[in-house]
Amino acid sequence: RCILAIGRAPLLQFPVQDAPLRNFLANGVRRLAGGAAAKMTTTELHELRCALHRCGLETPHLDTELRKRLQHIGDAASQAGQESTGSLEADLAGIVACSHSLSMADVLRSARVRNALLPDDLSAEMAAKLLPHALPMEAAPDTAHEFVVGMATRQLESHSRFLDIGDLSCALQGAVAWQVSGDRSAIHHAARILRTVWPWVASKLSYLGPDDLALALKGYCWQLQYSQQEFAVQGALRDHPFVESVADARDGGHSMRSAARTRSELDFKTKLVQPVLSRLSEMPLRQMAVCLTSLAPGVSEQGLLDDDDRAAVKAALDATFPAEEQNGRRWADFREEYLAGQMHALTTSELLELTCSLGEFRGGARWVTDDLRSVVEERLRPPRGSRPSVELTHILLLRLCRT
């Protein structure tokens, strides 16, 4: 649990450079190599492996143990007489995740895994947990991955009312992961997931934390932009996050679909965008950057928001970063105690995105923009040594030129 907490620490810079912390992590790896790993589930081992890799440590013993388990599951001889999938279903998310991280996707085609994915054995909760791991890390998804996400999405559509907050978070992570792949089939699956969980996301929004709020806004904004582009080009809703896609665009039904699209996008603003803006001041800078980047205009200047919506974003930023003193306490003290640490924990790309967002929405006091630019300047122009390289996406490069 300590290793997992270190791997998820929001203000820690990775890979870990602090010598005492690295020694603690190395001792933990040695204990796992001494036999403790055999007593842990596959899901627990995979989470430990991810945390240690993020901290910059290799995990050969964990890899060996996980490979052994996957080989046993995929071994046809070991499946004789093992018709029950109860024990496998409880660990299914870890098995699917490890099959990708260890490049052993063939295990997804084994009879035991496929049986565990059937509706009679797969619960809605496990289906949600599968979605973030159903996509291969490098190669394009094949029929085995399509089967995993197809069965998981079908279970969500049938039993989404049983999902709790953690399950909704997993489903949203899965949708965003499939969006990032850019594959047409993956984007279609992402739209299905988002349409399925939307009623529950909207009704449980007040219970979501900053990470989940940012994730929800990111997923729905991206899918909505993609669908709007498709609608403008083809005249038909396709892979919409709220409205079921249709195949034709005849005049008789087009107005109904347009009306449904307009209503759904109004619901999106009132049930997601406005509540997120009302909680913007509660968010750490990393999640705030994700929310503002999601709402920022893409190629077109207007984007998803109209002038009133953009004014609401500006007002939320002005309230979050005011220029005046509050309650007798100077903002300089707040900046030194809290914001400075958060800024230094952001990656250079995240700093640039947050700076662009403040410029695009013209919100927040001048001091926060100056502080962000100062930190970026320190990153890009270190006092000595070579300048670090920064990977810029096309949209971030466009935003930098625009602001």
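Among contacts in the chain between residues at least 6 apart in sequence, 72% join residues at least 24 apart, where contact means heavy atoms within 4.5 Å. The model is predicted: local features need pLDDT of at least 70 and side-chain atom pairs count only at pLDDT 80 or more, whereas totals for chains, interfaces and linings use all residues. Residues are numbered from 1 along each chain as its sequence is written, and side-chain values use heavy atoms, with hydrogens and water left out.

The secondary structure of the chain consists of 19 helices and zero strands; helices (H or I, at least four residues) and strands (E, at least two) are DSSP runs, numbered from the N terminus. Of the 403 residues in the chain, 46% are buried. Buried denotes under 20% relative accessible area, exposed over 50%, and partly exposed the range in between, with a 1.4 Å probe and protein chains only.

**Helix packing**

Axes are lines fitted to C-alpha atoms, for helices over the stretch in contact, and angles run from 0 to 180 degrees between N-to-C directions.

| Helix pair | Angle | Axis separation |
|---|---|---|
| α10 (residues 165-181) and α11 (residues 184-203) | about 155° | 8 Å |
| α3 and α6 (residues 92-101) | about 45° | 7 Å |
| α15 (residues 307-320) and α17 | about 120° | 9 Å |

Angles under 35 degrees count as roughly parallel, over 145 as roughly antiparallel, 65 to 115 as roughly perpendicular, and the rest as oblique. Helices α10 and α11 are therefore roughly antiparallel to each other. The passage of α10 across α11 is a left-handed crossing, a term that applies if the near helix is turned anticlockwise from the far one by less than a right angle, clockwise being right-handed. On the α10 side, the contact involves Leu168, Ala171, Leu172, Ala175, Trp178, Gln179 and Ser181, which meet Ala186, Ile187, His189, Ala190, Ile193, Leu194, Val197, Trp200 and Val201 in α11. By class, the contact of α10 with α11 comprises 13 nonpolar, three polar and no charged residues. In this classification, Ala, Val, Leu, Ile, Met, Phe, Trp, Tyr, Cys and Pro count as nonpolar, Asp, Glu, Lys and Arg as charged, and the others, Gly among them, as polar.

Helices α3 and α6 are oblique to each other, and α3 passes α6 in a left-handed crossing. Their contact is made by Thr42, Thr43, His46 and Arg49 of α3 together with Ala93, Gly94, Ile95, Ala97, Cys98 and Ser101 of α6. Here the classes are four nonpolar, five polar and one charged residues.

Helix α15 likewise passes α17 in a left-handed crossing. Arg310, Val313, Lys314 and Leu317 in α15 meet Leu358, Glu360 and Phe361 in α17. The contact of α15 with α17 contains four nonpolar, no polar and three charged residues.

**Two buried helix residues**

Threonine 42 belongs to helix α3 (residues 42-55). With a relative accessibility of 6%, threonine 42 counts as buried. The side chains of threonine 42 and arginine 69 are joined by a polar contact of 3.4 Å; such a contact is a pair of N or O atoms within 3.5 Å, and within protein one atom must be able to donate a hydrogen and the other to accept it, while residues adjacent in sequence count only if both atoms are side-chain atoms. Leaving aside residues up to four places away in sequence, threonine 42 touches Leu66, Arg69, Asp91, Gly94, Ile95 and Cys98.

Glycine 174 lies in helix α10 and counts as buried at 0% relative accessibility. Beyond residues up to four places away in sequence, glycine 174 touches Leu131 and Pro132. The C-alpha atoms of glycine 174 and leucine 130 are separated by 7.9 Å, the two residues being 44 residues apart along the chain.

**Positive phi in loops**

Serine 103 has a positive phi of about 55° although it is not a glycine. This serine 103 is placed in the loop between α6 and α7 (111-116) and is exposed, with a relative accessible area of 67%.

Arginine 362, also not a glycine, has a positive phi of about 50°. The loop between α17 (348-361) and α18 (366-380) contains arginine 362, which is exposed with a relative accessible area of 62%.
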